[in-house]
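Here are my notes on the model you sent. Please read them with the structure open.

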Amino acid sequence: MARLPYDDPIEAAAEHGEVILDGPDGLAASLTPTAARRSARKLAKAADTAERDPAAETP
């Protein structure tokens with residue numbers, strides 16, 4: 001059975017020069033500020049695509 005998408009956002013915090021992510025189902029990661037910014041742009045682009053065309057699949 002496919003898992004439903006989460007409706008809660010990922011939490012993000014800055015700690016000791018890193019960006020710490022904490023999310024549902026045990027999601028946890030730390031990123032450099034550069035990687036966090038790049039990830040944020042990619043997330044925003046994917047969200048725009050998913051909203052605009054729910055049938056779209058992007059890499």
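What radius of gyration does the protein have, and what would a compact globule of 59 residues have?

1. Overall dimensions. This is a predicted model. The protein has a radius of gyration of 13 Å, whereas a compact globule of 59 residues would have one near 10 Å. Along the principal axes, the C-alpha trace spans about 40 × 25 × 15 Å.

2. Burial and surface. Of the 59 residues, 7% count as buried. The accessible surface comes to about 5,400 Å², and carbon and sulfur atoms account for 56% of that area. Among contacts between residues at least 6 apart in sequence, 0% join residues at least 24 apart.

3. Secondary structure. The protein has 1 helix and 3 strands. Read along the sequence, these follow the pattern β-β-β-α.

4. The sheet. The 3 strands form an open sheet in the order β1-β2-β3, with antiparallel pairing. Its edge strands are β1 (11–15) and β3 (28–31), each of which pairs on one side only. From one strand to the next the twist averages 20°. As background, strands of a sheet pair through backbone hydrogen bonds, either parallel or antiparallel.

5. The β1 and β2 pair. Strand β2 covers residues 18–22 and pairs with β1 in the antiparallel sense over 5 bridges. Within this part of the sheet, Glu-11 stands opposite Asp-22 in β2.

6. The helix. Helix α1 takes in residues 33–52 and lies across β2 and β3. The helix runs at about 115° to β3.

7. The salt bridge. How many salt bridges does a search of the whole structure find? The search finds 1. The side chains of Asp-25 and Arg-3 meet in a salt bridge, at 2.4 Å from N to O. Asp-25 lies in the loop between β2 and β3 and Arg-3 in the segment before β1, so the pair ties together parts that are 22 residues apart in sequence. Both Asp-25 and Arg-3 are exposed.

8. The segment after the helix. Ala-56 is located in the segment after α1. Is Ala-56 buried, exposed or partly exposed? Its relative accessibility is 31%, so Ala-56 counts as partly exposed; the cut-offs are under 20% for buried and over 50% for exposed. Ala-56 and Ala-29 are 27 residues apart in sequence, and their C-alpha atoms are 27 Å apart in space.

Technical notes
Residues are numbered from 1 along each chain as its sequence is written. This is a predicted model: local features need pLDDT of at least 70, side-chain atom pairs count only at pLDDT 80 or more; totals for chains, interfaces and linings use all residues. Side-chain values use heavy atoms; hydrogens and water are left out. Two strands pair if DSSP finds at least two bridges between them. Helices (H or I, at least four residues) and strands (E, at least two) are DSSP runs, numbered from the N terminus. Axes are lines fitted to C-alpha atoms, for helices over the stretch in contact, and angles run from 0 to 180 degrees between N-to-C directions. Contact means heavy atoms within 4.5 Å. A salt bridge is a side-chain nitrogen of Lys or Arg within 4 Å of a carboxyl oxygen of Asp or Glu. Buried means under 20% relative accessible area, exposed over 50%, partly exposed in between (1.4 Å probe, protein chains only). The radius of gyration is taken over C-alpha atoms; the globule rule is 2.2 Å times the number of residues to the power 0.38. Accessible areas come from the Shrake-Rupley method with a 1.4 Å probe; for residues, only the protein chains shown count as cover.
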